[in-house]
Amino acid sequence: MIIRPETAADYAAITRMTAAAFADHPYSRNTEQFIITALRAAGALTLSLVAEVEGQVAGHIAFSPVRIAGASDGWHGVGPVSVEPACQRGGIGSALVREGLQQLRGLGSQGCVLAGDPHFYGRFGFRNYPELVYEGIPQEFFLALPFGDGAPVGVVQFHEGFGATE
């Protein structure tokens with residue numbers, strides 16, 4: 001497996017794979033592929049990495065800036081993260097998360113937030129901070145990973161691209 005930055009040649013594969021990866025997900029609105037396209041079009045992807053297996057895109061992860069309590073403080077949102085359905089549970093998603101977090105640290109990011117499974121993301125150090133809120137989802141599924149001391153306090157706003165529906 002090779003993890004590398006996305007290229008324009010990957011866009012169609014990322015869109016198809018992301019739609020397939022979230023097709024049966026119980027908490028998805030099936031808009032993840034549109035979110036990636038909107039973030040890309042807005043120039044809001046700090047990092048967009050693909051996992052390539054045998055020359056094919058098998059996974060993708062996106063990171064974009066977030067605002068906390070109305071300010072941009074160097075924090076990023078993780079997601080969407082997707083893996084080709086036939087390749088799921090093979091470590092591709094975990095490898096993408098690890099590599100993305102390492103690259104964000106290298107860019108001077110202050111930390112990351114996401115809405116996701118606490119059991120999966122907990123292994124990377126993400127946890128719930130009750131004083132850090134993302135409205136509209138149960139608090140136990142909103143997780144953060146500070147790269148320094150402590151997490152900020154306030155309401156988190158993801159880029160408007162997260163509202164994309166087509």
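Two strands are taken to pair if DSSP finds at least two bridges between them. All views show a predicted model.

View 1. Six strands form an open sheet of mixed pairing, arranged in the order 1-2-3-5-6-8. Strand 1 and strand 8 (142-146) are the edge strands, each pairing on one side only. On average, and with direction ignored, neighbouring strands of this sheet are turned by 25° against each other.

**View 2. Strands 1 and 2 with helix 3.** Four bridges join strand 1 to strand 2 (residues 47-53) in the antiparallel sense. Within this pairing, R4 stands opposite V50 of strand 2. Helix 3 (residues 92-106) packs on the sheet and touches strand 1, strand 2, strand 3, strand 5, strand 6 (111-115) and strand 8. The direction of helix 3 makes about 145° with that of strand 2.

**View 3. The surroundings of D10.** D10 is located in the loop between strand 1 (2-5) and helix 1. With 5% relative accessibility, D10 counts as buried, because the cut-off is under 20%. The side chains of D10 and R4 are joined by a polar contact of 2.7 Å. Apart from neighbours within four places in sequence, D10 is in contact with R4, P5, V50 and V57.

**View 4. The buried face of helix 2.** E32, Q33, I35, I36, L39 and R40 are buried in helix 2 (residues 32-41). Viewed down the helix axis, these buried residues fall within an arc of 160° and therefore line one face of helix 2. Their cover includes helix 1 (11-22), strand 3 (56-65) and strand 5 (75-83). Helix 2 lies across strand 3 and strand 5, at about 135° to strand 5. G43, with a positive phi near 70°, follows helix 2.

Definitions and conventions: Residues are numbered from 1 along each chain as its sequence is written. This is a predicted model: local features need pLDDT of at least 70, side-chain atom pairs count only at pLDDT 80 or more; totals for chains, interfaces and linings use all residues. Side-chain values use heavy atoms; hydrogens and water are left out. Buried means under 20% relative accessible area, exposed over 50%, partly exposed in between (1.4 Å probe, protein chains only). Helices (H or I, at least four residues) and strands (E, at least two) are DSSP runs, numbered from the N terminus. The arc is that of the directions from the helix axis to the C-beta atoms. Contact means heavy atoms within 4.5 Å. A polar contact is a pair of N or O atoms within 3.5 Å; within protein, one must be able to donate a hydrogen and the other to accept it, and residues adjacent in sequence count only if both atoms are side-chain atoms. Axes are lines fitted to C-alpha atoms, for helices over the stretch in contact, and angles run from 0 to 180 degrees between N-to-C directions.
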